[in-house]
Amino acid sequence: MEKICPTCASPFSPEQNVCPNDGTELTARGDVSDPFIGLVIDERLKVERYLGAGGMGHVYIARQLDATQRTVAVKLIRHELMTSEDVEKRFFREIRTLANSAHSNVVGVFFSGHAEVADKRIPYFAMELLDGKPLDEVLAEKRTLPLDDACKVTLAILRGLASLHRSGIIHRDLKPANVMLLDEAAGEVKILDFGLARAKEVDQESKITSSRLVIGTPLYMSPEQMMGWDLDERSDLYAVGVILHELVTGKRPRRDGQGTPVPPGEFLAQFNLPASLVGLITDLLAFDREQRPATAAPREASVAMVASS
């Protein structure tokens, strides 16, 4: 687990023991000397305990200091990722967009601001605290889901994505670890972890990642994301195809020696799946994004049809 300095709140690798800035002995995230435990943020939240690491930051459980006393999850974004004032402004703009894009299949985002500790102002956002199990943990236990359950889960993911895409948000790091399964039989899920999410117009107009740094999770990334191209909704749909492939076969799509995805048809033929489902997975995993569906919404009917057959 990453370590942190109780004095200056700087993060360090697990191998380091002493802060080079002030000589303080480092502590593990979540220990009693973690400087964020007990921290009051913006006079509206009190941090209670550490929950875990997310894509681009750390998540803590906190309680709102108002009449609701609501318990929430607070994601603290790695300070070093806010490389300029413009990047930080866009981050908060996109969080506001998420907060205004409520959907039953997307984790609720409430508000955002800065957590001040030591000499640092760390961007954060407060979101719904979920009671469920990440889909990757479910797959580690079960390997696959029953066909009907897999289709219900995929349909819920598509509905959540369609809502995000209508708001102009591209997730960019969709994977089982970022899907919380609340009720398997009902296919009740919520998409979470927006550390890499990006408003579509930002990718097109300003190139925050101008160095073409490839960020995401390679096994679920579309070919265009691997190559550092500008992204649109179809990159998220490719990730849905990988997830659905994994849900029904227990394996992610194969890649050749150069890491290029192999068309899934021959592999899927071993599993006696409905032809409509094979066609859906094949469409979502098309190497050329021009061959993929343009939006999430048209695929909802296909998954619903398979689920009810």
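How many aromatic pairs does the structure hold? The structure holds 5 of them, where rings of Phe, Tyr and Trp (its six-membered ring) pair if their centres lie within 6.5 Å, and planes under 30 degrees apart count as stacked, over 60 as edge-to-face and the rest as tilted. This is a predicted model, in which local features need pLDDT of at least 70 and side-chain atom pairs count only at pLDDT 80 or more, while totals for chains, interfaces and linings use all residues. Residues are numbered from 1 along each chain as its sequence is written, and side-chain values use heavy atoms, with hydrogens and water left out.

A pair of aromatic rings is described by the distance of the centres and the angle of the planes. One of the pairs is formed by Tyr50 and Tyr60, edge-to-face at 5.0 Å centre to centre with 65° between the planes. This pair links distant parts of the chain, with Tyr50 in strand 5 (residues 45-53) and Tyr60 in strand 6 (residues 57-64), 10 residues apart. Helices (H or I, at least four residues) and strands (E, at least two) are DSSP runs, numbered from the N terminus. Tyr50 is buried, with a relative accessible area of 15%, and Tyr60 is buried at 0%; buried means under 20% relative accessible area, exposed over 50%, and partly exposed in between (1.4 Å probe, protein chains only). Ring pairs join Phe36 to Tyr50 and Tyr60 in a cluster.

Charged groups also meet rings. A charge sits over a ring if NZ of Lys or CZ of Arg is within 6 Å of the ring centre and within 35 degrees of the ring normal. Arg70 lies over the face of Phe110, 3.8 Å from the ring centre, and the charged end of Arg44 sits over the ring of Phe111, 3.7 Å from its centre. Phe111 belongs to strand 8 (residues 109-117) and is buried, with a relative accessible area of 12%. Leaving aside residues up to four places away in sequence, Phe111 touches Arg44, Leu45, Gln64, Tyr124, Phe125 and Ala126, where contact means heavy atoms within 4.5 Å.

Which residues of helix 2 are buried? In helix 2 (residues 135-142) they are Leu135, Val138 and Leu139. They lie on the same side of helix 2, because they cover an arc of only 95° around the axis, the arc being that of the directions from the helix axis to the C-beta atoms. These buried residues pack against strand 10 (133-134), helix 3 (147-166), strand 12 (179-183) and helix 6 (233-249). The face turned away from the buried side carries the exposed residues Ala140 and Glu141. Just after helix 2, Arg143 takes a positive phi of about 75°.

His165 is placed in helix 3 and is buried, with a relative accessible area of 11%. Among the residues that His165 touches are Glu233 and Asp236.

On a 1 Å grid over the protein atoms alone, a cavity is a set of points where a 1.4 Å probe fits but cannot get out, and lining residues have an atom within 4 Å of a point. About 60 Å³ of space lies in the second largest cavity, a volume being the space filled by probe spheres set on the points, which are joined across faces, edges and corners. Helix 6 gives the most to its lining, with 3 residues.

Definitions and conventions: On a 1 Å grid over the protein atoms alone, a cavity is a set of points where a 1.4 Å probe fits but cannot get out, and a pocket is an open set with protein on both sides within 12 Å along at least five of seven lines; lining residues have an atom within 4 Å of a point.
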